[in-house]
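Let's take a walk through this model together, with the sequence and the coordinates side by side.

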Amino acid sequence: MEKRVLLAVGLSVAVLIGFNILFPPVKRPTPAATSAPGAAAGTPPAKGATAPAPTEVERRVAPASAAPAAPAAQTLVGDTVDRQIVVENEAVRATFSTRGGVLTSWLLKHYAENGAPLELVPATAPPGSTKPFTLITDDAEVNAALAQALFKPSAASLDAKTAPATLTLEFRDASGLSARKEFSFSPQKPYEVTLSTDVSRGGTALVPTIAWGPALATGRVSSGMTYSPSSQPLYYLNGKVTRVKFPDVAAHAQVEGNIGFGGVDDHYFLAAVVAPGQPARLNYEPVPVAIPGSDTGLHFVSWSVRPAKAGGTLRFFAGPKDFNVLTETDQDLSRAIDFGMFGWLVVSLLRALKWVNSYIGNYGWSIIALTVIINLVMFPLRHKSVVSMRKMQEIQPEVKGIQDRYSKLKMNDPARQKMNVELMNLYRERGVNPASGCVPMLLTLPVLFAFYAMLSVAIELRGAPFVGWIRDLSTYDPWFVTPILMGATQFVQQRMTPATGDPAQQRIMMFMPLIFMTMFIWAPSGLVLYWTVSNLWAIGQQVITNRMIGPAPQRVVRPAAERRVKNAGGGKSDAAKERK
């Protein structure tokens, strides 16, 4: 019995440790670090923020512009004033500046932050930071000229809601410098933009680096238990996805090869170049911004991509890490979502959840419905587990009697082996498998881990309300009602489960609901909802199973002192002989 209790406790501890290793608690976003969404690009950083040293890309532009300005060459093709060109589709409102031909705003209409459309171009990045689609060459003088050039737009605004649209920005001066950017948009892929570039000087084609600059959005850093990690580099190379934590960015400053995709992501959003179609080089550089009174400040990652040859076309994605959206953009791009070790199961559960929600229309109720479906599928396993535990409960007095007769022997005493023989004989005679109660339950753990991963990464739950006080299923319950209900229902469930240990051991196991409740206090409310409903289902199933198999029979076993101990290891156990 002691071994089984130790095994149960060990499995429980292993589950808790494995749970925290696979899905470590992370910090809540610092409110002071959150910028006002929709703020205009180029807005100074938060009050008190300290700008860092220029990034490598910025240094490559700065030398010529910081030196005494040389007489600018006469513009032959360009604009006369700095204008903002808006390109809009059903999901995105993009704003380009004719100065430098860069992106200044990329608003996601279907995703909000503090009630406004979410901005993916950081508004709190250091002043003067590189903007997306800045062209950087190996010639600093060319870089300075392109940064200040006023590109001539092909249109004052574009509507890409129903038909493809193309924005062309051109510049040419008397020095022989010529630059052309062509941005193509498709209503079928609203978060994607295709960029064609052509840069030359004196008739010689130049290979430009396309710099995105700091990403993504607010640059906030986790602080607490809510899963909202900092922006981090992400790339897919040689069939492997690499995610780089912010402190390790310097070790991955340059990545080169046949890149499937690469860029910067946070928990729910991604900005990346997709399937360049040729060898390319990614460059990353951390951009921390200190804030007085904050231990973390803001964390941005500046990134750029350089193709192997001049000209050509590159596809960029800037949008949500929605599985369907990513898959429609590029099959490999769905790997940007970190589904964990049970990815194959997570994808199936995610598709099932979206299918259920297409009928219900509320992700909270959809989680409940899917939980019921999952538990229906697992009903036979749980039923078998309960039946096995009931059988173990029935023979506990006999098991206890055998253990008492050998209790005075030391653990390394060879005679103690006879106890194990007797126990195995007893299990065989009564048709009981000591592991049959645990194995079916262990088989359900992958579903739990997969469900946790799904609810943690599914952008569909971001900002999704349930009922009353639960306004966002992707964050913790602000009133902590569901974690308390989860702990209470797990306590009731454990009380109803057939006990196989002595009273002291049972009291120890009763701490498990408290441990799980504490662990899930900051978990996404969608996950806690799933666990609570699973507990309620288990309670109902226990009632049904008890009615099916009837009450446990009461057995009276003679005191150990009255039992015959001879022939302990031969054939049947003494307990079996006493029943004759």
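Does Asp265 count as buried or exposed? Keep in mind that this is a predicted model. At 1% relative accessibility, Asp265 counts as buried, because the cut-off for that label is under 20% relative accessible area. Its partner is Lys321: the two form a salt bridge, with the closest N and O atoms 2.7 Å apart. This pair links distant parts of the chain, 56 residues apart, since Asp265 lies in strand E17 (residues 259-265) and Lys321 in the loop between strand E21 (313-320) and helix H4 (323-329). Lys321 is buried as well, with a relative accessible area of 6%.

Side chains of opposite charge can pair when their charged atoms come close. Another one to look up joins Arg306 to Asp138, where the closest N and O atoms are 3.1 Å apart. Here too, distant parts of the chain are linked: Arg306 belongs to strand E20 (residues 298-307), while Asp138 sits in the loop between strand E6 (134-136) and helix H3 (140-148), with 168 residues separating the two. The partners differ in their surroundings. Arg306 is buried, at a relative accessible area of 13%, whereas Asp138 is exposed, at 64%.

Now move on to helix H8 (residues 396-405). How many of the 10 residues of H8 are buried? Seven of them are, so the helix is largely enclosed by the rest of the structure. The buried residues in H8 are Gln396, Glu398, Val399, Gly401, Ile402, Gln403 and Arg405. Arg405 has a relative accessible area of 18%, which means that this residue is buried. The side chain of Arg405 meets that of Glu422 in a salt bridge, at 2.9 Å from N to O. Glu422 counts as buried, at 0% relative accessibility. Elsewhere, salt bridges that share partners join Asp139, Glu141 and Arg201 into one network.

For a view of helix packing, turn to H12 (residues 481-496) and H15 (residues 525-549). Their axes are 9 Å apart, and the two helices pack at an angle of about 25 degrees. H12 and H15 are therefore roughly parallel to each other, as angles under 35 degrees count as such. The crossing in which H12 passes H15 is left-handed.

Trp355, Tyr359, Ile360, Trp365 and Val467 make a nonpolar surface patch of about 580 Å². Which helix gives the largest share of the nonpolar patch? Helix H5 (residues 343-360) does, with three residues. Trp355 is found in that helix, H5, and with 53% relative accessibility it counts as exposed.

A last stop is Gly257, in strand E16 (residues 254-257). Gly257 is buried, with a relative accessible area of 17%. Between Gly257 and Leu237 there are 20 residues of separation in sequence and 7.2 Å in space, taken from C-alpha to C-alpha.

Notes. Residues are numbered from 1 along each chain as its sequence is written. This is a predicted model: local features need pLDDT of at least 70, side-chain atom pairs count only at pLDDT 80 or more; totals for chains, interfaces and linings use all residues. Side-chain values use heavy atoms; hydrogens and water are left out. Patches are made of residues with over 30% relative accessible area and no salt bridge: like charges are joined within 9 Å, nonpolar side chains (Val, Leu, Ile, Met, Phe, Trp, Tyr) within 5 Å. Accessible areas come from the Shrake-Rupley method with a 1.4 Å probe; for residues, only the protein chains shown count as cover. A salt bridge is a side-chain nitrogen of Lys or Arg within 4 Å of a carboxyl oxygen of Asp or Glu. Helices (H or I, at least four residues) and strands (E, at least two) are DSSP runs, numbered from the N terminus. Buried means under 20% relative accessible area, exposed over 50%, partly exposed in between (1.4 Å probe, protein chains only). Axes are lines fitted to C-alpha atoms, for helices over the stretch in contact, and angles run from 0 to 180 degrees between N-to-C directions. Angles under 35 degrees count as roughly parallel, over 145 as roughly antiparallel, 65 to 115 as roughly perpendicular and the rest as oblique. A crossing is left-handed if the near helix is turned anticlockwise from the far one by less than a right angle, and right-handed if clockwise.
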